[in-house]
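This briefing is intended for a reader who has the sequence and the coordinates at hand. Please consult the display below before turning to the notes that follow.

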Amino acid sequence: MKPSAGLHDPQFEHDACGVAFVARLGRPASHEVLQRGLLALERLEHRGAEGADADTGDGAGILIQLPHEFFAAESGVELPEPGRYGVAMCFLPQREAEREHAIRLIERNVEAEGQRVLGWRDVPVVKSECGRVAGEAAPYIAELFVGAADELPDQDAFERKLYVIRQVVDHSGLDGLNLASFSSRTVVYKGMLSAPQLPRYYPDLRDERFKSALALVHSRFSTNTFPSWELAHPYRMLAHNGEINTLRGNRNWMQAREMQLASPLFGDDLQKLLPLLSDDISDSASLDRVMELLVMGGRSPAHAISMMIPEAYSGRPELHQRVRDFYAYHSSLIEPWDGPAAVAFSDGRVIGATLDRNGLRPGRWLVTRDGWVALASETGVLDVEAEDVQAKGRLRPGKLFLVDVENGRVLSDGAVKRNLAERRPYGQWLDDRVVHLEDLPPKTPRVPRVEPLRAKQLAFGWSEEDLRVLLAPMAHAAAEPTASMGNDASLAALSDRRPPLFSYFKQLFAQVTNPAVDPIRESVVMSLQATIGPEVNLLDETSEHCHQLVMPQPLLFNNECERLRQVDHSVFEARTIDMTWPVEEGPDGMERRLDEICQHASELVAGGVNIIILSDRNLGAERAPIPSLLVTAAVHHHLVREGTRLKIGLVVETGEAREVHHIACLIAYGASAVNPYVMFESLTGLHRDGMLPEDMTNDEAHRRVVRAIGKGLLKILSKMGISTIRSYCGAQIFEAVGVDKAVVDRHFTGTTSRVGGVGLDHLAREALDRHSRAYPAAESQLLPSGGIYAWRRDGEFHGWNPETVATLQHAARGDNGNSAADYERFARYVNEEAVRKSALRGLLRYSDDVEPIEIDDVEPAKEIVKRFKSGGMSLGALSPEAHEILAVGMNRLGGKSNTGEGGEDRARFFDERRSSIKQVASGRFGVTIDYLVNSDELQIKVAQGAKPGEGGQLPGHKVDGYIAGLRYSTPGVGLISPPPHHDIYSIEDLKQLIYDLRCGNPRARISVKLVSEVGVGTVAAGVAKANADHVVIAGHDGGTGASPAASIQHAGVPWEIGLAETQQTLLDNDLRSRIVVEVDGQMRTGRDMVVGAILGADEFGFSTAPLIALGCIMMRVCHLNTCPVGVATQDPVLRAKFAGQPEHVVNYLFMVAEEARAIMARLGVRTVDELIGRTDLLVQDEDIDHWKASSLDLSALLVEPARPALNAPRHFTTPPDPVLHDSIDVDLLQRCRPAIERGERVALEIPIANKNRAVGGLLSSEIARIHGTEGLPEGSIEVELRGSAGQSFGAWLAPGVCLSLEGDANDYIGKGLSGGTLIVRPHRGATYPAEDNVVIGNVALYGATQGRAFFRGLAGERFAVRNSGAVTVVEGIGDHGCEYMTGGRVVVLGPTGINFAAGMSGGIAYVLDDDGGFRGRCNTEMVRFAEISEAESKELLALIEEHRDRTGSPVAEGLVGDWADAVGRFVKVLPFDYERALAEEARQEATAVPAVGA
Amino acid sequence: MADPKGFLKVERVGPRKRDPRERIHDYHQYFAFPEEQTLRDQGGRCMSCGIPFCHEGCPLGNLIPEWNDLVHQGRWRAALNRLHATNNFPEFTGLICPAPCESACVLDINDDPVTIEQIEGSIAERGWAEGWIVPEPPDERSGKTVAVVGSGPAGMAVAAELNRFGHRVTVFERDEAVGGLMRYGVPDAKLEKWIIDRRAGLLAAEGIEFVTGVDVGTDVTTEQLRARHDAVVIAIGSRVHRDLEAPGRELGGVHFAMDYLYQRNRCVAAGEGRPARQTPPDQVISAEGRRVVVVGGGDTGMDCISNALREGATSARILDVYPELPAQGRPPGTPWPLPPKRTTMTYALEEGGERQFGSQVTELVGGEDGCVITVRARQVSGTSSRDVEPVPGSDWEEPADLVLIAIGFTGPETHGPIEDLGLATDRRGNVKAGVYETSEDGVFACGDARIGQSLVVTAIAEGRKCARMVDRHLGGSGEVRRVTSETMFAIEDGDEHSLRHQAETAGAVTVGDAFWSGPRDEG
């Protein structure tokens, strides 16, 4: 890996991919297995990626059994019998001297471990078969043959020895040395290759004698293009498609566990294995190494993987009790490695795969009658005659698919798990040893002192807002409060208002490379369960392992904390450490005290204490509290370093924590449980003062706040794609902004902090300052205003304040008759004051080393404004008036407006009100083929600044009939978009969606909107490699419309950092010139724009500012529908007050451009293109001597990366290569021309394979372009297809087109179905019962708006997610069916998974409930089971008849045959909201008076 | 914000005004606050804005959304605490403030603003009525003493704050009672004087010593003050009259408005048995039975009219040199949220006064007794003193027996402390005191003496900020424990075009139910 320069840090690179395995049962090893494996790999090629150098693949590889016959012949070494020798697949340095050194190192270690070096074989490679970049970095590849020492008792012992040798060699850290595999059972061939290159590069793989009974293959899609051969999969035991979100914590915990590891199998060798993990290896490699340790330590591969990636087991009564016990027990041993994952693994004897608990990766398997077994990311990778197929299925969330190759058996998940569960009396152990909090006897408080509440609140920095805006509403609603209009307040490091340390830590979130989870709709996978207590040897299994305190959630009430403090020593041993320091010692005293605390903790651990309570209750007039997060992290890391961390559980008792974010920070830095006692006392105070509802008891208020915080925690976890508190604990999912690197390195080890910032001295002085306000204190003293959520003069500084809002409006409207003067005042105030006090760019100034030019030489403003966009603000969030006027203004300006995610009224497509950028967000509201085709740019909103990692939300009172119509939803029903796009769980999925959208509109630019956080640059590089034209880097601070208050404040980082990182990473990867980069986030002035350009942006997004020009006055009530100026409301009375005019936007943005021109003249730059990336024009302003701001160091933002090619452009120059040429739609379209152009009927038959993706999309696009939303008449185009369809089959299918597929289909079938008809049925020769086998993949009919679909067989997870109008029949589905559905009809004629109808607010589902268990698997929060009326019975019957006719389904036939009986077996699922809307509709129709002339 | 839709459901309801025909016969407050439920409903109209422009528009930075909501909830005592956090004398500003907060209210964009001022006044009155406002002397004394010269709102505020810091404060007032122009310039119809006495009594109970009838510079020298005190604060207001430059100015029956108002207020006080200096009979200015012409259309002019009518003037007419402005809307130059230039109805006009715009006095003509009998005037156009243009041939005459000049003040009186201490002044003649410190060590200035004629609310704000600087000078931290609001720490003078600046300077606020603004001559 290349060392990190500037902001680009390779540790944040991601990869994802296609994974597959093939095995043959009951037959000896064969070359055919290998060939089929390689064929499968090639067929997954489209899931991989290429870099700037199109020939260089991101990585491909294969793991097989040792081909003894081949090696015996080719190794040139006298080989012992199989099992008594091992092969090291070595990547060696190319330079001979270094290679010799490496070789000797390996040999020396082999011999040191008592094994025999048999000899070396140079692995033949065809150098011309790899790309230029890969070739330059290619290692020298050789195989070392090692003979087993005679005294080793068995092959397992030999494997362990080889493992030890390999670890020791790894630890040597020799540059250019990597052992891809070292085993007596398996060997790995891999490299920085594309799938087809792999066998061409390694002739061995083409040799007939190269035989194996199993083959595990992997094709990689990485976000970077750095030469890295060793990052190709498979690793030693597994190949991984996915991402470990909790990696940082998992690594730390593993480090902590190392001290306790012991195993008789290893004896003294164990120490040689350590350290097990290092910071420079990838998540997949880490997963591999821990799995390897567990397997080498005596557990089976299935056991090991089930511990590390457990399925969701709590609240799952359908799982066997013993299986649940197995998981519960192991949760005490190791925290889940959480994140989307399809993991395929093999030890050479068994081969298997599992899926994460959410099922966020695809996995399709196939078993044939003649013993072939295949599993792959997609169906269709193996050519099998239909009649040979015995069964087809899919990997299910959290389930295993295991093939015992040695014994020739395929094992079901149930069988494997039952076996595992019965290994030990796990249930008994749990009963015996687990302690529950409620089991502990109550205790009277033993508190050091009683301080007045007001003094505590002041000393901990509470504000009046904390009570009024956060706490009271949480008690009211048992949920986090909602706020609006983003966060324009000062960064903590620039604030003079003594923000708590928590405010410096910004939540990280999933974007693109892994999905966020919906903690509400998919709560079934989430868990708040917390455990406190020591852990013991991971390699052992005893009842002692589960001797832990288990709590349902990590918040302790005051009395619970007391129980713990005074716990009976025979149960646990708890001690409290004081987190305060003497005020008289001044700021320096804090660090001394911090060291003492760490030392004290060590002593307590040594003395056998196993619970440490860090407490600041000792606060008083003479003692000030150290920031609790600092102490928690410091103790945690101190003990991790010391190797004793797992001997204790950390509990934090602090008066400082008062927000969900605070609790999350404490847990993420090591706290198992938190007792926010001042929060509870404050709540009691609110109750006493009558600030809570009269009928609410104090206890109830407390419970509600705990519930609210629990929900909030789940949301914070889930936005990173993490499901359990257990794995969030210690996971450090934060980026520090404005914290000194030394502090971070020591106390928050491993956390990213890129601009330096405050040190312990600053923190201590602020703590003392707070303290000085608290003592002496009177109860009558008022708390400070706060001013975070709403501006206050004495509160936190805001970029939008009375001055900036008023002057901008005066300038835009010309209120004072002199717009230019008013604008100048506005810009001066923003540039010299507002930005300087709130944002990083305020600390930069222009370089003096410039030669100014005449302003007339600078490109005209009318050219510059073409680069301006308005942000994606949905119609729904905004009133129609504001939305349309903004669009008109942007169009007149020559810029572009953005629909936002609410769809667009067709009436606007063809006039000035058109938004040329059409957004595609996770809710897919109104995303029809007609919408796509009428855009100039399609923007995939992956994240938004106000709430990255979450979906948009529109409260029900803003969803009127018009809005609901555009969104295909139910009036009055609130809309929350799914946190993830359900068709983007990984980077290769994004590539697919981009492809799909290109099919939907080949003329549009495809844009991806990201939010700034560490690693966004590598994601942006991935986006470029996924073939996007455009990427948006949004800051954390933007945002219009409603979001949870905590998300607005605490997620994401400033755009300055993210943009600079993006620019540097794109240049590093030679990708910059092929993608347009846009920046947004509180852009206000020409200076903002110029800084944006210099840091790397081609284009600039403005959202809040143009809204303000149109009259917005930052009410921050978008979520209440009460906007008094008609901007963000749907209330007709208020909409009438909207007074904005297009000219306001035009005036304002032209003045921004003119200001930018003046700056450019001063800097001597003629065009924006010339300006982009010119970081030499900026320097940090050394005149800023603010006591905190001056600790920041922005030099990393201004680093100029070494560009790979001399004079490679720093800005966008050339669009990416076209990709649609391989689409079979190109041909299809030609053949369908008669139908489209002349109305003739067209019927075709064509073959299809899984590489043919989005079939029908391009065709539909052309139909929509010509015929609009109506499309063609029914039956115009009929296409019969045969084979395995690639992803997104039938995407956006337009009316009049019917695709009828014989075979099976992959994920995302019928995505955005727009009126066409889809049919999938198995191959006519198939002999297996279709209704028991999988015929289509996951996430079918996502965002479908219209059309019909019939599936003869089973579907995967999330069937008909966000369907808003399609009618469909299917014979069985997986989990989360009909999620977020808002319209249409779904008929399920077979089994359903869990969590059916979560978030379903419209449409009707009919489910055949033959096992009687459906009601239990349905999520009934928003739906009820209703009677099927006579009319509905007819409708249902007609649908099932159609299904029979179109698919020939005997299931349908059977039902139709005895309909009277059958109809009674159906359950009708009716959303409450839909029922209400239907009733309302009926009422209106009944009372409607026909309008005159209508 | 308990009711986000309050503003959609409730209309603005202002104070209950007494019938002008009735109120003209007494000197009592001409309006009353609405009943409690109405006030609570009005508080519910507040939208709790993301940016409360009212809060910025208020020179004191009153936490308006907070106490609006608390009133809406009926939590009067909490509201009072929040109000007192930024305002020492809400019972004054609740009655006599032109309320720049209300013109900055977001509802003023397209609706009627929240009745902020009357809610403020009501909170204060509720506090007094309930006995919640009690003396709160400081726990400890610093041992330092401060002399404050002048007992107007600035002097009272600086004294109140310094006393809370623990310093011993003595306030010197040359008139017979404290309050400055609040007492002697404002008629009881707007501010009954027991309200000032009530507050002054409380301040005295907290330990402030008020010395009335002592003219600093005459009865006691400024040097003596400096010698006896650790700091001196000059809060003597802006009391040099701007004079009318017209032939006949010297005639009898031509007076400065403030001289008239002083007499009227003393007369009312005497009538109510409060201590008041007697006006020597030969100096009495009476409007009874006279035709009164007031030159200058500001609040002082209006107050003259209201007094004249109560005295029984046969007519009362204002000649305002400026043109009539629209009564509604936002003329160019003062877009929302700035205080608008509007010409609105005033209480005095309701009571029978008349107003003539664009009228410039050219000459005063006297009768045989040397007293004025006629005012000659002409129509002029223009919007400021700099662009006044006569309309040719528009001269006319106006019969008058009493002419009152109400065209403002030019600056603080220089004889007295300013000359005695040799304090530097700015080009307008105000005491030069950047951040309240004058050119002399230990001598501070605040209020109109520092910034020129302004509002009561500005004066209080001045006094509060000045107190912080004095405290720092005396070795304190500049912080009052009981009041944590940091508003008063904002001591920098903002951009002169800023809303805050506009709110704090008098010139921008012209007419309306305000106590004091004077003509707009920025000279």
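Helices (H or I, at least four residues) and strands (E, at least two) are DSSP runs, numbered from the N terminus. The model is a predicted one, in which local features need pLDDT of at least 70, side-chain atom pairs count only at pLDDT 80 or more, and totals for chains, interfaces and linings use all residues. Residues are numbered from 1 along each chain as its sequence is written, chains are lettered from A and ligands numbered from 1 in the order in which they are written, and side-chain values use heavy atoms, with hydrogens and water left out.

**A parallel sheet in chain A**

- Seven strands of chain A form an open sheet with parallel pairing, in the order 31-40-39-37-36-33-32; two strands pair if DSSP finds at least two bridges between them.
- From one strand to the next, the twist averages 25°, where axes are lines fitted to C-alpha atoms (for helices over the stretch in contact) and angles run from 0 to 180 degrees between N-to-C directions.
- Within chain A, strand 39 (residues 1076–1080) and strand 40 (residues 1099–1102) are joined in the parallel sense over 3 bridges.
- A:E1078 has A:E1099, in strand 40 of chain A, as its bridge partner.
- A:D1080 belongs to strand 39 of chain A and counts as buried at 7% relative accessibility (buried means under 20% relative accessible area, exposed over 50%, partly exposed in between, with a 1.4 Å probe and protein chains only).
- Leaving aside residues up to four places away in sequence, A:D1080 touches A:K1009, A:V1032, A:I1033, A:A1034, A:G1035, A:W1055 and A:G1101, contact meaning heavy atoms within 4.5 Å.

**Helix 18 of chain A**

- Since 13 of its 15 residues are buried, helix 18 of chain A is largely enclosed by the rest of the structure.
- A:G643, with a positive phi near 85°, follows helix 18 of chain A.

**Backbone features in loops of chain A**

- A:H233 and A:P234 are joined by a cis peptide bond with omega of about -5°, and A:P234 lies in the loop between strand 8 (214–222) and strand 9 (238–242) of chain A.
- The bond from A:L274 to A:P275 is also a cis peptide, with omega near -5°; A:P275 is in the loop between helix 8 (270–273) and helix 9 (283–296) of chain A.
- A:N1027, a residue other than glycine, has a positive phi near 85°; A:N1027 sits in the loop between helix 32 (1016–1025) and strand 37 (1030–1034) of chain A and is buried at 12% relative accessibility.
- A:A1397 has a positive phi near 70°, lies in the loop between strand 48 (1382–1388) and strand 49 (1402–1408) of chain A, and is buried at 0% relative accessibility.

**Chain B as a whole**

- Chain B contains 20 helices and 18 strands.
- The radius of gyration of chain B is 22 Å, close to the 24 Å given by the globule rule for 523 residues, so chain B is as compact as a globular protein of that length; the radius is taken over C-alpha atoms, and the rule is 2.2 Å times the number of residues to the power 0.38.
- Of the 523 residues of chain B, 61% are buried.
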